Amino acid sequence: MSRPAHRRPEYHKINKDLFVLTYGALVAQLCKDYEKDEDVNKYLDTMGYGIGTRLVEDFLARSCVGRCHSYSEIADIIAQVAFKMYLGITPTVTCNNASRNEFSLILDKNPLVEFVEELPTGRSSLCYCNLLCGIIRGALEMVHLAADVTFLQDRLKGDSVTEIGITFLKKLDEKKYRRKK
Amino acid sequence: MADEALFLLLHNEMVSGVYKSAEQGEVENGRCITKLENMGFRVGQGLIERFTKDTARFKDELDIMKFICKDFWTTVFKKQIDNLRTNHQGIYVLQDNKFRLLTQMSAGKQYLEHASKYLAFTCGLIRGGLSNLGIKSIVTAEVSSMPACKLTSYFLTNVFSSYLSGLVVFVSCFCYLEDI
């Protein structure tokens, strides 16, 4: 995949700005439409789920990652390959519990909030980047992995870092498919 | 850059989300299109600011439209506008024969009635971009065969144009209502 040599570097950045600005306009519109923060959060999560179910196909086609053998491998791939590919950042992965099914992605730089100074007044429990949670959840479900994805910490709410928690639940449907065969 | 896939999917989800939360009826359809157009307006304003930060001052309106057709369109949709026509009196028609947001939908007449929903955001994008370059305008879109589309922008520069634009808005509202 070669890029034309005359392309100015700013174009690449502006392309990313398009997504970030569109997302901002979307959240602003949602805040106008819904009074409660929970409704906005739920809507963003549902939207993200729809995007994630389709994005995972694009991801698998572009990245050609092989089959994963553990949850920590999956978390690593999400952080180091998927996030890098779509948002240009690499969050760090930490494992939160001994049974190795709860992970955290810690983002020190979040491109989605590049133009956000602070949450609007009266919207203190708004999860601005909830779309990301929905995307991860939708993508994982398409590869037969049920997971709970939420924001554990959010810089916009005053925490020191932005942390996304992924909790892998029981694997979906694998046994059912085997039985059918 | 993989960003394109993200933006395409987000745009499609936005369109379906806006329509899902609206009730049936022609009035609602107009409201949804307005919502999408307004979102595009905000994005267009911000985008054109960042884009033209270091470019030279534009000589005239035609220069601005050429910028939109070449640089702006290339950055946002990875290709240039295929055809720009004007009557030199404030009406510009941009033709894109392979509009990025419609290529995945169909090639021909299938789903033609839904095409206008997917163009509302882009109309707003152009209107927002022009607005921050000092031009008040109205942008409408028409699709006769996917994925080609025609975007027409009417510059509101003087009283006569305003009168004309009032007429255009009236007529284009009809078109939006009749298309669906």
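Read along its sequence, chain A of this predicted model follows the pattern α-α-α-β-β-α-β-β-α, with five helices and four strands, where helices (H or I, at least four residues) and strands (E, at least two) are DSSP runs numbered from the N terminus. For the complex, the predictor gives an ipTM of 0.85 and a pTM of 0.85. Residues are numbered from 1 along each chain as its sequence is written, and chains are lettered from A in the order in which they are written. Local features need a pLDDT of at least 70 and side-chain atom pairs count only at pLDDT 80 or more, whereas totals for chains, interfaces and linings use all residues; side-chain values use heavy atoms, with hydrogens and water left out.

**Chain A as a whole**

- Of the 181 residues of chain A, 46% count as buried, meaning under 20% relative accessible area with a 1.4 Å probe and protein chains only.
- Chain A exposes about 10,100 Å², of which carbon and sulfur atoms supply 52%, the areas coming from the Shrake-Rupley method with a 1.4 Å probe.
- Among contacts in chain A with a separation of 6 or more, 60% come from residues 24 or more positions apart, a contact being heavy atoms within 4.5 Å.

**Confidence**

- The pLDDT, which is the predictor's confidence in each residue from 0 to 100, averages 86 in chain A, where 86% of the residues score at least 70.
- Within chain A, confidence is highest in helix H4 (residues 130–142), at a mean of 95, and lowest in helix H5 (residues 174–180), at 46.
- Over residues 1–9 of chain A the pLDDT is below 50, and this stretch has two contacts in the model beyond near neighbours in sequence.
- Residues 174–181 of chain A likewise stay under 50, with two contacts beyond four places in sequence.
- Where pLDDT is low, the predicted coordinates should not be read in detail.

**Helix H3 of chain B**

- Helix H3 (residues 61–77) of chain B has a kink of about 35° centred on B:Ile68, the bend at a residue being the angle between axes fitted to the seven residues ending there and the seven starting there.
- B:Ile68 is also one of the buried residues of H3(B), which include B:Phe67, B:Phe72 and B:Trp73.
- At the N-terminal end, B:Asp60 caps H3(B), with a side-chain oxygen 3.3 Å from the backbone nitrogen of B:Leu62.
- Just after H3(B), B:Lys78 takes a positive phi of about 65°.

Terms used. Buried < 20%, exposed > 50% of the residue type's maximum accessible area, 1.4 Å probe, protein only. Polar contact = N/O pair within 3.5 Å; in protein donor to acceptor, adjacent residues only side chain to side chain.
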